[in-house]
Amino acid sequence: MGEAIVITSGKGGVGKTTSSANLGTALALQGKKVCLVDTDIGLRNLDVILGLENRIIYDLVDVIEGRCRIQQALVKDKRFEDRLFLLPAAQTTDKNAVTPEQMKDLITELKRDYDYILIDCPAGIEQGYKNAVAGADRAIVVTTPEISAVRDADRIIGLLEQEDIEPPKLIINRIRRNLINSGDTLDVNDITSHLSIDLLGIVLDDENVISSSNRGEPVVMDPNNPAALGYRNIARRILGESVPLMSVDTGKPGFFSKLKLLFTK
Amino acid sequence: MSKQQVVTIKGTKDGLILRLDDQCAYSDLLEELGKKAQDPGLEGAVEVQIHTGSRYCSDQAAKEIIQIVQSAGHLRVSKIQSDVITMEECNQRVQERQSETYIGIVRSGQEVRAKGDLVVIGDVNPNGHVSAAGSIYILGRLKGKAHAGNAGNREAVIAASWLEATHLMIADQMETMTDELAILSEHPEMECAYLHTNGVIAIDRLQDLRLLRPGLSTFKGGC
Ligand SMILES: Nc1ncnc2c1ncn2[C@@H]1O[C@H](COP(=O)(O)OP(=O)(O)OP(=O)(O)O)[C@@H](O)[C@H]1O
Ligand SMILES: [Mg+2]
(Lines give C-alpha, C1' and ligand atoms only; values in the text may rest on other atoms or scores of the structure.)
(Ligands and ions follow the chains in the order given, each with its own letter.)
Protein backbone atom coordinates (compact mmCIF):
# COMPACT_ATOMS: atom_id res chain seq x y z
CA MET A 1 0.00 0.00 0.00
CA GLY A 2 1.56 3.27 -1.12
CA GLU A 3 1.42 6.71 0.38
CA ALA A 4 -0.34 9.75 -1.06
CA ILE A 5 1.27 13.16 -0.53
CA VAL A 6 -0.42 16.38 -1.56
CA ILE A 7 1.81 19.30 -2.58
CA THR A 8 0.09 22.56 -1.82
CA SER A 9 0.77 26.24 -1.07
CA GLY A 10 -2.16 28.64 -0.92
CA LYS A 11 -0.40 31.28 -3.00
CA GLY A 12 0.00 30.58 -6.68
CA GLY A 13 3.24 30.33 -8.60
CA VAL A 14 5.51 29.39 -5.71
CA GLY A 15 6.58 26.07 -7.23
CA LYS A 16 4.01 23.36 -6.45
CA THR A 17 4.07 21.92 -9.93
CA THR A 18 7.85 22.23 -10.23
CA SER A 19 8.24 20.50 -6.85
CA SER A 20 5.78 17.72 -7.76
CA ALA A 21 7.59 16.99 -11.02
CA ASN A 22 11.04 17.06 -9.45
CA LEU A 23 10.18 15.07 -6.33
CA GLY A 24 8.32 12.49 -8.40
CA THR A 25 11.32 12.16 -10.70
CA ALA A 26 13.75 12.01 -7.76
CA LEU A 27 11.73 9.25 -6.08
CA ALA A 28 11.65 7.32 -9.36
CA LEU A 29 15.44 7.77 -9.63
CA GLN A 30 15.63 6.17 -6.17
CA GLY A 31 13.80 3.15 -7.54
CA LYS A 32 10.32 3.89 -6.23
CA LYS A 33 7.16 3.47 -8.24
CA VAL A 34 5.55 6.89 -8.48
CA CYS A 35 2.31 8.28 -9.86
CA LEU A 36 1.91 12.04 -10.24
CA VAL A 37 -1.65 13.34 -10.19
CA ASP A 38 -2.35 16.78 -11.62
CA THR A 39 -5.49 18.17 -9.94
CA ASP A 40 -5.17 21.66 -11.40
CA ILE A 41 -8.20 21.13 -13.62
CA GLY A 42 -8.46 23.75 -16.30
CA LEU A 43 -4.85 24.91 -15.82
CA ARG A 44 -2.83 21.75 -16.13
CA ASN A 45 0.91 21.97 -16.68
CA LEU A 46 2.58 19.12 -14.86
CA ASP A 47 2.53 17.26 -18.20
CA VAL A 48 4.52 20.05 -19.87
CA ILE A 49 7.24 20.11 -17.24
CA LEU A 50 7.61 16.34 -17.56
CA GLY A 51 7.61 16.56 -21.35
CA LEU A 52 4.56 14.30 -21.60
CA GLU A 53 2.08 16.75 -23.09
CA ASN A 54 1.90 15.09 -26.51
CA ARG A 55 1.16 11.67 -25.14
CA ILE A 56 -2.01 12.52 -23.23
CA ILE A 57 -5.11 10.70 -24.45
CA TYR A 58 -7.45 10.60 -21.45
CA ASP A 59 -7.43 12.67 -18.29
CA LEU A 60 -8.55 12.62 -14.66
CA VAL A 61 -12.11 13.70 -15.42
CA ASP A 62 -12.42 10.97 -18.07
CA VAL A 63 -11.48 8.43 -15.41
CA ILE A 64 -13.86 9.84 -12.84
CA GLU A 65 -16.74 10.03 -15.26
CA GLY A 66 -16.10 6.48 -16.41
CA ARG A 67 -15.05 7.17 -19.99
CA CYS A 68 -11.90 5.11 -19.51
CA ARG A 69 -10.08 2.96 -16.98
CA ILE A 70 -7.29 4.46 -14.81
CA GLN A 71 -4.62 2.47 -16.65
CA GLN A 72 -5.69 3.95 -19.97
CA ALA A 73 -5.33 7.51 -18.71
CA LEU A 74 -1.94 7.09 -17.05
CA VAL A 75 0.91 8.43 -19.15
CA LYS A 76 4.20 6.57 -18.71
CA ASP A 77 7.49 8.46 -18.55
CA LYS A 78 9.68 6.24 -20.73
CA ARG A 79 12.88 7.53 -19.13
CA PHE A 80 12.06 5.54 -16.00
CA GLU A 81 10.81 2.22 -17.34
CA ASP A 82 7.76 1.39 -15.24
CA ARG A 83 8.44 3.72 -12.34
CA LEU A 84 7.01 7.14 -13.22
CA PHE A 85 3.46 7.79 -14.38
CA LEU A 86 1.28 10.87 -14.72
CA LEU A 87 -2.46 11.17 -14.40
CA PRO A 88 -3.07 14.44 -16.26
CA ALA A 89 -5.68 17.01 -15.35
CA ALA A 90 -8.48 17.84 -17.76
CA GLN A 91 -7.85 21.03 -19.66
CA THR A 92 -11.37 21.78 -20.75
CA THR A 93 -13.85 20.90 -18.02
CA ASP A 94 -14.34 23.10 -15.01
CA LYS A 95 -12.98 22.07 -11.65
CA ASN A 96 -16.40 21.41 -10.11
CA ALA A 97 -16.60 18.31 -12.31
CA VAL A 98 -14.88 16.36 -9.52
CA THR A 99 -15.89 15.83 -5.88
CA PRO A 100 -13.60 15.07 -2.92
CA GLU A 101 -15.24 11.64 -2.50
CA GLN A 102 -14.44 10.69 -6.10
CA MET A 103 -10.84 11.86 -5.66
CA LYS A 104 -10.50 9.83 -2.51
CA ASP A 105 -11.64 6.66 -4.27
CA LEU A 106 -9.28 7.33 -7.16
CA ILE A 107 -6.24 7.88 -4.93
CA THR A 108 -7.09 4.80 -2.87
CA GLU A 109 -7.08 2.76 -6.06
CA LEU A 110 -3.72 4.21 -7.14
CA LYS A 111 -2.19 3.46 -3.74
CA ARG A 112 -2.51 -0.25 -4.47
CA ASP A 113 -0.08 -0.07 -7.39
CA TYR A 114 2.34 2.73 -6.48
CA ASP A 115 4.76 3.48 -3.66
CA TYR A 116 4.13 7.19 -3.82
CA ILE A 117 1.26 9.23 -5.24
CA LEU A 118 2.18 12.90 -5.47
CA ILE A 119 -0.85 15.15 -5.86
CA ASP A 120 -0.17 18.56 -7.42
CA CYS A 121 -2.69 20.95 -5.88
CA PRO A 122 -4.03 24.10 -7.56
CA ALA A 123 -3.51 27.47 -5.84
CA GLY A 124 -6.27 28.73 -3.56
CA ILE A 125 -8.47 27.20 -0.91
CA GLU A 126 -11.58 26.35 -2.90
CA GLN A 127 -12.94 23.21 -4.53
CA GLY A 128 -9.65 22.33 -6.28
CA TYR A 129 -7.79 22.40 -2.99
CA LYS A 130 -10.44 20.28 -1.29
CA ASN A 131 -10.26 17.69 -4.06
CA ALA A 132 -6.47 17.55 -3.95
CA VAL A 133 -6.37 17.07 -0.18
CA ALA A 134 -9.21 14.53 -0.03
CA GLY A 135 -7.17 11.40 -0.71
CA ALA A 136 -3.87 12.47 0.85
CA ASP A 137 -2.14 10.78 3.79
CA ARG A 138 0.19 13.68 4.30
CA ALA A 139 0.91 17.11 2.97
CA ILE A 140 3.82 19.23 1.86
CA VAL A 141 3.43 23.00 1.93
CA VAL A 142 5.58 24.97 -0.51
CA THR A 143 6.44 28.59 0.12
CA THR A 144 8.98 31.11 -1.11
CA PRO A 145 10.85 33.50 1.20
CA GLU A 146 8.30 36.27 0.69
CA ILE A 147 5.88 37.56 3.30
CA SER A 148 2.80 37.11 1.12
CA ALA A 149 3.66 33.48 0.33
CA VAL A 150 4.37 32.78 4.00
CA ARG A 151 1.02 34.32 5.03
CA ASP A 152 -0.82 32.06 2.59
CA ALA A 153 1.20 29.06 3.72
CA ASP A 154 0.05 29.82 7.28
CA ARG A 155 -3.56 29.86 6.14
CA ILE A 156 -3.19 26.55 4.30
CA ILE A 157 -1.42 24.93 7.25
CA GLY A 158 -4.37 26.02 9.42
CA LEU A 159 -6.75 24.29 7.01
CA LEU A 160 -4.56 21.19 6.72
CA GLU A 161 -4.45 20.88 10.49
CA GLN A 162 -8.23 20.43 10.45
CA GLU A 163 -7.87 17.44 8.10
CA ASP A 164 -7.34 13.90 9.21
CA ILE A 165 -3.72 13.77 8.00
CA GLU A 166 -0.25 13.97 9.48
CA PRO A 167 1.09 17.43 10.37
CA PRO A 168 2.25 19.10 7.14
CA LYS A 169 5.94 19.66 6.32
CA LEU A 170 7.50 22.68 4.69
CA ILE A 171 9.56 23.26 1.54
CA ILE A 172 11.05 26.73 1.08
CA ASN A 173 11.60 27.22 -2.63
CA ARG A 174 13.46 29.83 -4.65
CA ILE A 175 15.96 30.80 -2.00
CA ARG A 176 18.40 33.32 -3.37
CA ARG A 177 21.93 33.36 -2.01
CA ASN A 178 22.63 36.99 -2.75
CA LEU A 179 19.45 38.19 -1.01
CA ILE A 180 20.22 36.13 2.06
CA ASN A 181 23.71 37.57 2.19
CA SER A 182 22.40 41.11 1.97
CA GLY A 183 19.64 40.39 4.48
CA ASP A 184 16.94 41.38 2.00
CA THR A 185 14.87 38.26 2.37
CA LEU A 186 13.19 36.30 5.13
CA ASP A 187 15.63 33.75 6.41
CA VAL A 188 14.85 30.07 6.72
CA ASN A 189 14.84 30.28 10.49
CA ASP A 190 12.31 33.12 10.57
CA ILE A 191 9.98 31.25 8.27
CA THR A 192 10.04 27.92 10.07
CA SER A 193 9.66 29.49 13.50
CA HIS A 194 6.82 31.68 12.28
CA LEU A 195 4.95 28.76 10.74
CA SER A 196 6.01 26.35 13.48
CA ILE A 197 6.07 23.26 11.30
CA ASP A 198 8.93 20.95 10.42
CA LEU A 199 11.15 21.89 7.52
CA LEU A 200 11.42 19.21 4.85
CA GLY A 201 14.01 21.09 2.85
CA ILE A 202 15.02 24.11 0.87
CA VAL A 203 15.48 24.62 -2.85
CA LEU A 204 17.65 27.33 -4.34
CA ASP A 205 16.42 29.64 -7.04
CA ASP A 206 18.08 28.61 -10.26
CA GLU A 207 17.44 29.64 -13.83
CA ASN A 208 17.98 26.09 -15.06
CA VAL A 209 14.74 25.17 -13.30
CA ILE A 210 12.91 27.27 -15.85
CA SER A 211 14.92 26.20 -18.89
CA SER A 212 14.73 22.52 -18.01
CA SER A 213 10.98 22.80 -17.41
CA ASN A 214 10.68 24.28 -20.88
CA ARG A 215 12.57 21.29 -22.31
CA GLY A 216 10.30 18.88 -20.43
CA GLU A 217 13.19 17.53 -18.39
CA PRO A 218 12.86 18.14 -14.64
CA VAL A 219 16.02 19.81 -13.31
CA VAL A 220 16.52 17.07 -10.73
CA MET A 221 17.88 14.84 -13.51
CA ASP A 222 20.99 17.05 -13.64
CA PRO A 223 23.05 15.84 -10.66
CA ASN A 224 25.24 18.94 -10.62
CA ASN A 225 22.52 21.55 -10.43
CA PRO A 226 22.13 23.26 -7.01
CA ALA A 227 18.31 23.28 -7.13
CA ALA A 228 18.39 19.61 -8.12
CA LEU A 229 20.42 18.83 -5.01
CA GLY A 230 17.69 20.41 -2.88
CA TYR A 231 15.03 18.22 -4.51
CA ARG A 232 17.15 15.07 -4.24
CA ASN A 233 17.70 15.71 -0.54
CA ILE A 234 13.99 16.24 0.01
CA ALA A 235 13.19 12.99 -1.78
CA ARG A 236 15.65 11.14 0.47
CA ARG A 237 14.02 12.67 3.53
CA ILE A 238 10.60 11.56 2.25
CA LEU A 239 12.10 8.07 2.09
CA GLY A 240 13.01 8.38 5.76
CA GLU A 241 16.73 9.10 5.49
CA SER A 242 18.13 11.81 7.71
CA VAL A 243 20.00 14.17 5.41
CA PRO A 244 21.57 17.32 6.84
CA LEU A 245 20.29 20.60 5.48
CA MET A 246 22.51 21.91 2.72
CA SER A 247 24.30 25.15 3.40
CA VAL A 248 23.44 28.28 1.51
CA ASP A 249 26.92 29.75 1.98
CA THR A 250 25.76 32.87 3.71
CA GLY A 251 29.06 33.91 5.20
CA LYS A 252 27.36 33.60 8.57
CA PRO A 253 28.81 30.42 10.02
CA GLY A 254 26.48 28.19 11.93
CA PHE A 255 23.47 29.83 10.41
CA PHE A 256 21.79 26.66 9.30
CA SER A 257 23.26 24.48 11.96
CA LYS A 258 20.66 26.02 14.25
CA LEU A 259 17.91 24.41 12.25
CA LYS A 260 16.22 21.39 13.54
CA LEU A 261 15.46 18.92 10.84
CA LEU A 262 12.98 16.36 11.89
CA PHE A 263 11.56 14.08 9.35
CA THR A 264 10.69 10.69 10.59
CA LYS A 265 8.39 8.48 8.69
CA MET B 1 -48.55 57.00 52.50
CA SER B 2 -47.13 60.05 50.84
CA LYS B 3 -45.75 61.14 54.21
CA GLN B 4 -43.33 58.18 54.18
CA GLN B 5 -39.78 58.89 53.10
CA VAL B 6 -39.13 56.98 49.87
CA VAL B 7 -35.79 58.72 49.20
CA THR B 8 -33.32 59.04 52.04
CA ILE B 9 -30.15 61.06 51.66
CA LYS B 10 -26.99 60.06 53.39
CA GLY B 11 -23.72 61.94 53.32
CA THR B 12 -20.46 60.00 53.23
CA LYS B 13 -16.85 60.99 52.63
CA ASP B 14 -17.22 59.89 49.00
CA GLY B 15 -20.26 62.10 48.42
CA LEU B 16 -23.99 61.68 48.78
CA ILE B 17 -25.88 58.43 48.67
CA LEU B 18 -29.55 58.48 47.70
CA ARG B 19 -31.18 55.39 49.14
CA LEU B 20 -34.39 54.57 47.32
CA ASP B 21 -37.20 52.69 49.01
CA ASP B 22 -37.70 49.31 47.36
CA GLN B 23 -41.34 48.72 48.43
CA CYS B 24 -43.18 51.80 47.14
CA ALA B 25 -44.49 52.32 43.61
CA TYR B 26 -41.89 53.24 41.03
CA SER B 27 -43.87 56.32 39.96
CA ASP B 28 -43.90 57.65 43.55
CA LEU B 29 -40.18 57.15 43.63
CA LEU B 30 -39.57 59.17 40.50
CA GLU B 31 -41.80 61.97 41.74
CA GLU B 32 -40.02 62.15 45.08
CA LEU B 33 -36.61 61.98 43.38
CA GLY B 34 -37.59 64.92 41.22
CA LYS B 35 -38.44 66.99 44.27
CA LYS B 36 -35.29 65.98 46.18
CA ALA B 37 -33.11 66.81 43.20
CA GLN B 38 -34.48 70.34 43.11
CA ASP B 39 -33.94 70.75 46.89
CA PRO B 40 -31.84 73.90 47.30
CA GLY B 41 -30.25 72.32 50.39
CA LEU B 42 -28.29 70.06 48.09
CA GLU B 43 -26.49 72.95 46.42
CA GLY B 44 -22.82 72.33 45.90
CA ALA B 45 -22.96 68.56 46.29
CA VAL B 46 -21.75 67.13 43.02
CA GLU B 47 -21.31 63.35 43.03
CA VAL B 48 -24.20 61.13 44.11
CA GLN B 49 -24.52 57.40 44.29
CA ILE B 50 -27.92 55.77 44.07
CA HIS B 51 -28.78 52.58 45.89
CA THR B 52 -32.02 50.91 44.86
CA GLY B 53 -31.97 48.17 47.51
CA SER B 54 -33.95 45.09 46.53
CA ARG B 55 -35.59 46.83 43.59
CA TYR B 56 -34.36 45.52 40.22
CA CYS B 57 -33.03 48.40 38.18
CA SER B 58 -33.29 47.84 34.43
CA ASP B 59 -31.13 49.83 32.02
CA GLN B 60 -34.25 51.78 31.10
CA ALA B 61 -35.02 52.62 34.74
CA ALA B 62 -31.40 53.55 35.37
CA LYS B 63 -31.56 56.03 32.50
CA GLU B 64 -34.77 57.57 33.84
CA ILE B 65 -33.39 57.92 37.34
CA ILE B 66 -30.15 59.49 36.14
CA GLN B 67 -32.07 61.89 33.96
CA ILE B 68 -34.33 63.05 36.79
CA VAL B 69 -31.52 63.40 39.33
CA GLN B 70 -29.28 65.29 36.95
CA SER B 71 -32.03 67.51 35.53
CA ALA B 72 -31.48 70.12 38.24
CA GLY B 73 -27.98 70.58 36.94
CA HIS B 74 -25.91 70.42 40.09
CA LEU B 75 -25.92 66.65 40.70
CA ARG B 76 -24.03 63.98 38.86
CA VAL B 77 -24.75 60.28 39.28
CA SER B 78 -21.52 58.36 39.66
CA LYS B 79 -23.09 54.95 40.19
CA ILE B 80 -26.38 53.14 40.50
CA GLN B 81 -26.31 50.08 42.68
CA SER B 82 -28.92 47.42 43.19
CA ASP B 83 -28.90 44.34 45.36
CA VAL B 84 -30.64 42.28 42.65
CA ILE B 85 -29.67 41.23 39.11
CA THR B 86 -31.45 38.98 36.62
CA MET B 87 -30.60 35.32 36.16
CA GLU B 88 -29.26 36.18 32.73
CA GLU B 89 -26.86 38.80 34.05
CA CYS B 90 -25.81 36.41 36.77
CA ASN B 91 -25.07 33.61 34.29
CA GLN B 92 -23.16 36.00 32.09
CA ARG B 93 -21.04 37.10 35.03
CA VAL B 94 -20.29 33.51 35.94
CA GLN B 95 -19.29 32.78 32.34
CA GLU B 96 -17.12 35.86 32.21
CA ARG B 97 -15.23 34.62 35.24
CA GLN B 98 -14.50 31.31 33.58
CA SER B 99 -11.41 30.75 31.55
CA GLU B 100 -11.02 28.73 28.37
CA THR B 101 -7.72 27.37 27.10
CA TYR B 102 -6.68 26.94 23.47
CA ILE B 103 -3.52 24.99 22.72
CA GLY B 104 -2.12 25.47 19.25
CA ILE B 105 -1.26 28.15 16.74
CA VAL B 106 -4.06 30.51 15.74
CA ARG B 107 -3.21 30.76 12.06
CA SER B 108 -4.13 33.20 9.34
CA GLY B 109 -7.90 33.19 8.80
CA GLN B 110 -8.69 31.39 12.06
CA GLU B 111 -10.68 32.82 14.94
CA VAL B 112 -10.77 31.67 18.55
CA ARG B 113 -13.51 33.06 20.80
CA ALA B 114 -14.18 32.69 24.49
CA LYS B 115 -17.16 33.71 26.63
CA GLY B 116 -14.89 34.43 29.58
CA ASP B 117 -11.13 34.76 29.76
CA LEU B 118 -9.04 33.17 27.04
CA VAL B 119 -5.67 31.50 27.50
CA VAL B 120 -3.80 30.71 24.28
CA ILE B 121 -0.80 28.43 24.49
CA GLY B 122 0.84 29.09 21.15
CA ASP B 123 1.28 31.97 18.73
CA VAL B 124 -1.43 34.08 17.15
CA ASN B 125 -0.14 34.61 13.61
CA PRO B 126 -0.90 37.60 11.36
CA ASN B 127 -4.56 37.54 10.28
CA GLY B 128 -5.32 35.19 13.14
CA HIS B 129 -7.97 36.51 15.54
CA VAL B 130 -8.56 35.92 19.25
CA SER B 131 -11.54 37.40 21.02
CA ALA B 132 -12.95 37.13 24.55
CA ALA B 133 -15.54 38.74 26.79
CA GLY B 134 -12.90 38.70 29.48
CA SER B 135 -9.14 39.07 29.33
CA ILE B 136 -6.78 37.36 26.89
CA TYR B 137 -3.52 35.78 28.01
CA ILE B 138 -1.15 34.46 25.37
CA LEU B 139 1.76 32.17 26.12
CA GLY B 140 3.37 32.88 22.79
CA ARG B 141 3.64 35.59 20.20
CA LEU B 142 0.64 37.75 19.49
CA LYS B 143 1.13 38.83 15.88
CA GLY B 144 -2.51 39.01 14.79
CA LYS B 145 -5.69 40.62 16.16
CA ALA B 146 -6.91 40.45 19.74
CA HIS B 147 -10.17 41.74 21.20
CA ALA B 148 -10.59 41.59 24.97
CA GLY B 149 -13.79 42.66 26.75
CA ASN B 150 -15.75 42.13 23.54
CA ALA B 151 -19.05 42.49 25.43
CA GLY B 152 -18.03 45.84 26.86
CA ASN B 153 -15.80 44.99 29.82
CA ARG B 154 -13.37 47.91 29.95
CA GLU B 155 -11.31 46.29 32.70
CA ALA B 156 -10.25 43.44 30.42
CA VAL B 157 -6.60 43.20 29.38
CA ILE B 158 -4.48 41.52 26.72
CA ALA B 159 -1.23 40.01 27.92
CA ALA B 160 1.33 38.16 25.82
CA SER B 161 4.83 36.75 26.05
CA TRP B 162 5.52 38.76 22.91
CA LEU B 163 3.10 41.49 21.97
CA GLU B 164 3.38 42.65 18.38
CA ALA B 165 -0.28 42.55 17.39
CA THR B 166 -1.54 44.20 14.23
CA HIS B 167 -4.81 45.18 15.95
CA LEU B 168 -5.61 45.51 19.64
CA MET B 169 -9.18 46.00 20.81
CA ILE B 170 -10.51 46.42 24.32
CA ALA B 171 -14.27 46.91 24.77
CA ASP B 172 -15.16 49.42 22.04
CA GLN B 173 -11.66 50.88 21.64
CA MET B 174 -9.38 49.82 18.82
CA GLU B 175 -5.75 50.50 18.12
CA THR B 176 -3.93 49.51 14.96
CA MET B 177 -0.30 48.91 15.66
CA THR B 178 1.33 51.07 13.06
CA ASP B 179 4.95 52.09 13.29
CA GLU B 180 4.06 55.66 14.19
CA LEU B 181 2.45 54.52 17.40
CA ALA B 182 4.51 55.78 20.32
CA ILE B 183 3.41 53.04 22.71
CA LEU B 184 5.13 50.34 20.70
CA SER B 185 8.38 49.04 22.10
CA GLU B 186 11.44 47.74 20.33
CA HIS B 187 11.40 44.54 22.28
CA PRO B 188 7.76 43.76 23.05
CA GLU B 189 8.45 40.95 25.45
CA MET B 190 6.12 40.23 28.38
CA GLU B 191 3.73 43.10 27.87
CA CYS B 192 0.08 43.82 28.46
CA ALA B 193 -2.45 46.14 26.87
CA TYR B 194 -5.27 47.76 28.85
CA LEU B 195 -7.66 50.67 28.66
CA HIS B 196 -6.08 53.67 30.29
CA THR B 197 -8.32 55.96 32.38
CA ASN B 198 -8.02 58.48 29.54
CA GLY B 199 -9.94 56.02 27.36
CA VAL B 200 -7.19 54.92 24.99
CA ILE B 201 -5.35 51.64 24.83
CA ALA B 202 -2.01 51.65 26.60
CA ILE B 203 0.76 49.07 26.70
CA ASP B 204 2.87 48.36 29.74
CA ARG B 205 5.21 45.80 31.15
CA LEU B 206 3.49 42.64 32.35
CA GLN B 207 4.80 43.10 35.90
CA ASP B 208 2.74 46.28 36.20
CA LEU B 209 -0.49 44.38 35.63
CA ARG B 210 -1.08 43.60 39.28
CA LEU B 211 -1.02 47.30 40.05
CA LEU B 212 -3.06 48.31 37.01
CA ARG B 213 -5.77 45.68 37.46
CA PRO B 214 -5.64 44.36 41.03
CA GLY B 215 -9.12 42.90 40.55
CA LEU B 216 -7.90 40.39 37.96
CA SER B 217 -6.06 38.39 40.53
CA THR B 218 -8.35 35.74 41.98
CA PHE B 219 -5.67 34.25 44.15
CA LYS B 220 -6.63 34.42 47.80
CA GLY B 221 -4.32 34.10 50.74
CA GLY B 222 -0.72 34.95 51.38
CA CYS B 223 2.43 33.37 50.11
N1 LIG C 1 13.67 26.84 -7.62
C2 LIG C 1 13.27 27.58 -8.67
N3 LIG C 1 14.16 28.36 -9.34
C4 LIG C 1 13.76 29.09 -10.41
N5 LIG C 1 12.52 29.11 -10.88
C6 LIG C 1 11.59 28.37 -10.27
C7 LIG C 1 11.91 27.57 -9.13
N8 LIG C 1 10.78 26.94 -8.72
C9 LIG C 1 9.79 27.35 -9.57
N10 LIG C 1 10.27 28.21 -10.50
C11 LIG C 1 9.50 28.85 -11.58
O12 LIG C 1 8.41 29.53 -11.01
C13 LIG C 1 7.29 29.46 -11.86
C14 LIG C 1 6.09 28.91 -11.12
O15 LIG C 1 6.35 27.57 -10.73
P16 LIG C 1 5.21 26.49 -10.69
O17 LIG C 1 4.40 26.47 -11.93
O18 LIG C 1 5.85 25.21 -10.28
O19 LIG C 1 4.37 27.07 -9.51
P20 LIG C 1 2.93 26.57 -9.00
O21 LIG C 1 2.94 26.79 -7.55
O22 LIG C 1 2.65 25.20 -9.49
O23 LIG C 1 1.97 27.60 -9.75
P24 LIG C 1 0.37 27.54 -9.84
O25 LIG C 1 -0.12 28.06 -8.54
O26 LIG C 1 0.05 28.44 -10.97
O27 LIG C 1 0.01 26.12 -10.08
C28 LIG C 1 7.69 28.59 -13.03
O29 LIG C 1 8.04 29.41 -14.09
C30 LIG C 1 8.89 27.84 -12.51
O31 LIG C 1 9.77 27.49 -13.53
MG1 LIG D 1 0.91 24.47 -10.61
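Mentor: Helices are DSSP runs of H or I with at least four residues, strands are runs of E with at least two, and both are numbered from the N terminus. In these terms, A:Val150 belongs to helix H7 of chain A, residues 147–160. This is a predicted model, in which local features need pLDDT of at least 70 and side-chain atom pairs count only at pLDDT 80 or more, while totals for chains, interfaces and linings use all residues. Residues are numbered from 1 along each chain as its sequence is written, chains are lettered from A and ligands numbered from 1 in the order in which they are written, and side-chain values use heavy atoms, with hydrogens and water left out.

A salt bridge is a side-chain nitrogen of Lys or Arg within 4 Å of a carboxyl oxygen of Asp or Glu. Side chains of opposite charge can pair when their charged atoms come close. Over all chains, the structure holds 21 salt bridges.

One of them joins the side chains of A:Asp137 and A:Lys111, with an N to O distance of 3.0 Å. A:Asp137 sits in the loop between helix H6 (127–134) and strand E6 (138–143) of chain A, and A:Lys111 in helix H5 (residues 100–113) of chain A, so the pair ties together parts that are 26 residues apart in sequence. For accessibility, buried means under 20% relative accessible area, exposed over 50%, and partly exposed in between (1.4 Å probe, protein chains only). A:Asp137 has a relative accessibility of 26% and is therefore partly exposed. A:Lys111 is at 11% and therefore counts as buried.

A second bridge in chain A is formed by the side chains of A:Arg174 and A:Asp205, at 2.6 Å from N to O. The two residues stand 31 apart and link distant parts of the chain: A:Arg174 is in strand E7 (residues 169–175), whereas A:Asp205 is in the loop between strand E8 (199–204) and helix H10 (207–215). A:Arg174 is partly exposed, at 39% relative accessible area, and A:Asp205 is also partly exposed, at 28%.

The backbone of A:Arg174 deserves attention as well. Its phi is near 65°, a positive value in a residue other than glycine. Most residues other than glycine have a negative phi, and most peptide bonds are trans. A:Ser196 likewise has a positive phi, of about 35°, although it is not a glycine. A:Ser196 lies in the loop between helix H9 (188–195) and E8 of chain A, and its relative accessible area of 36% makes it partly exposed.

Chain A also contains a network of salt bridges that links A:Asp62, A:Glu65 and A:Arg67. In chain B, B:Glu111 is paired with B:Arg113, the closest N and O atoms being 3.0 Å apart. B:Glu111 is partly exposed, with a relative accessible area of 45%, while B:Arg113, at 56%, is exposed.

The C-alpha atoms of A:Val150 and A:Gly10 are separated by 9.2 Å, although the residues are 140 apart along the chain. In chain B, B:Ala37 is found in helix H1, residues 26–38. B:Ala37 is buried, with a relative accessible area of 3%. Between the C-alpha atoms of B:Ala37 and B:Gln70, which are 33 residues apart along the chain, the separation is 7.5 Å.

A nonpolar patch on the surface of chain B provides a contrast to the charged pairs. Patches are made of residues with over 30% relative accessible area and no salt bridge, where like charges are joined within 9 Å and nonpolar side chains (Val, Leu, Ile, Met, Phe, Trp, Tyr) within 5 Å. Accessible areas come from the Shrake-Rupley method with a 1.4 Å probe, and for residues only the protein chains shown count as cover. The patch consists of B:Ile103, B:Ile121 and B:Leu139, which together have about 310 Å² of accessible area. B:Ile121 lies in strand E7 of chain B, residues 117–121, and counts as partly exposed at 34% relative accessibility.
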